Amino acid sequence: MVVSLDSVSVHFPAGDGDGTIAAVGPASFDVEAGSFVALLGPSGSGKSTLIRAVAGLQAVTTGRILIDGELITEPHKSVGMMFQDATLMPWRDVRENIALPLEIEKLPEKEKTQRINTVLNLLGLADFGDAYPGELSGGMAQRVALGRALVQRPQILLLDEPFGALDALTRERISLDLLRIWAEFKQTIIMVTHDINEAVLLSNRVIVLSSRPGRVIADIDVPLIRPRTIDMIYTDAFVKIAREVRQAIDRA
């Protein structure tokens, strides 16, 4: 599904109650169906605000957001989102945490079980279905959170810096899992990240926002061959793209 942002801005009330503060925009860009786009920018540039607006969780002040031509003013059934924190329910085991969106959707039990098992196998969690969040490592908890987003079978997947709290090695492993899943299902993915290497390794394009209010100041193509591997970060082609992204952020 195609995501289109047309002169989108988001303003919040000022702390003193007098006027507003511009958090984002105006920002315009399109995300092609089945593509993987990374969204970078300085801290406070409105990346998370913008992705929440795409999810229909944040009202825009001006402009519009379209999904396949449909105006977004509330959460869309074809969109799944994963936040920075896993936010798992500690009283529910892994299987039950992943099942939550399906319970809300009231799917038949047979289909629900099939979807949960598929996600558990995709993410290497088949042996942890009965475990509780308190028994999981940070990386495992984030896999469960990713599974909860994937079990809905969204056509668009929004990721708000989902791996930022993980150690480097765990982050790399889950990033490669995400690439493998995306290669299989070809969702449209928009991911917020602060990590330049992560952005270049995963995405087809890197969009860089300016300092607040975030505007698009660079839209950088990433023509590296797929499938991608961690070793690519040492190649000249990778370093060249990463440097271009860094220079854009430095200009922000």
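**A buried arginine**

Reply: The side chains of R92 and E103 are joined by a polar contact of 2.7 Å. A polar contact is a pair of N or O atoms within 3.5 Å; within protein, one must be able to donate a hydrogen and the other to accept it, and residues adjacent in sequence count only if both atoms are side-chain atoms. The model is predicted, so local features need pLDDT of at least 70 and side-chain atom pairs pLDDT 80 or more, whereas totals for chains, interfaces and linings use all residues. Residues are numbered from 1 along each chain as its sequence is written, and side-chain values use heavy atoms, with hydrogens and water left out.

Me: Does R92 count as buried or exposed?

Reply: Buried means under 20% relative accessible area, exposed over 50%, and partly exposed in between (1.4 Å probe, protein chains only). R92 counts as buried because its relative accessibility is 14%.

Me: Where is R92 found, and which residues does R92 touch?

Reply: R92 is found in the loop between β6 (79–82) and α2. Helices (H or I, at least four residues) and strands (E, at least two) are DSSP runs, numbered from the N terminus. Contact means heavy atoms within 4.5 Å. Apart from residues up to four places away in sequence, R92 touches N97, L100, E103, Y132 and P133.

Me: How is the packing of two helices described?

Reply: The description consists of the angle between their axes and the distance between the axes. Axes are lines fitted to C-alpha atoms, for helices over the stretch in contact, and angles run from 0 to 180 degrees between N-to-C directions. Here α2 (residues 94–105) and α4 (residues 138–150) pack at about 30°, with their axes 7 Å apart. V94, N97, I98 and P101 of α2 meet V144, G147 and R148 of α4. By class, this contact has 4 nonpolar, 2 polar and 1 charged residues. Ala, Val, Leu, Ile, Met, Phe, Trp, Tyr, Cys and Pro count as nonpolar, Asp, Glu, Lys and Arg as charged, and the others, Gly among them, as polar.

Me: In what order do the strands of the open sheet lie?

Reply: Two strands pair if DSSP finds at least two bridges between them. The order of the 4 strands is β2-β1-β4-β5, with antiparallel pairing. β2 (20–31) and β5 (70–71) stand at the edges with a single partner strand each, so one side of each has no neighbour in the sheet. Helix α1 (residues 47–54) packs on the sheet and touches β1, β2 and β4; its direction makes about 120° with that of β1. β1 (residues 3–13) and β4 (residues 62–67) pair over 5 bridges, and S4 stands opposite L66 in β4.

Me: Which backbone values deserve a second look?

Reply: Most residues other than glycine have a negative phi, and most peptide bonds are trans. D68, which is not a glycine, has a positive phi of about 50° and is found in the loop between β4 and β5. E161 likewise has a positive phi, near 45°, and is found in the loop between β7 (156–160) and α5. Cis peptide bonds join R212 to P213, with omega about -5°, and R226 to P227, with omega about 5°.
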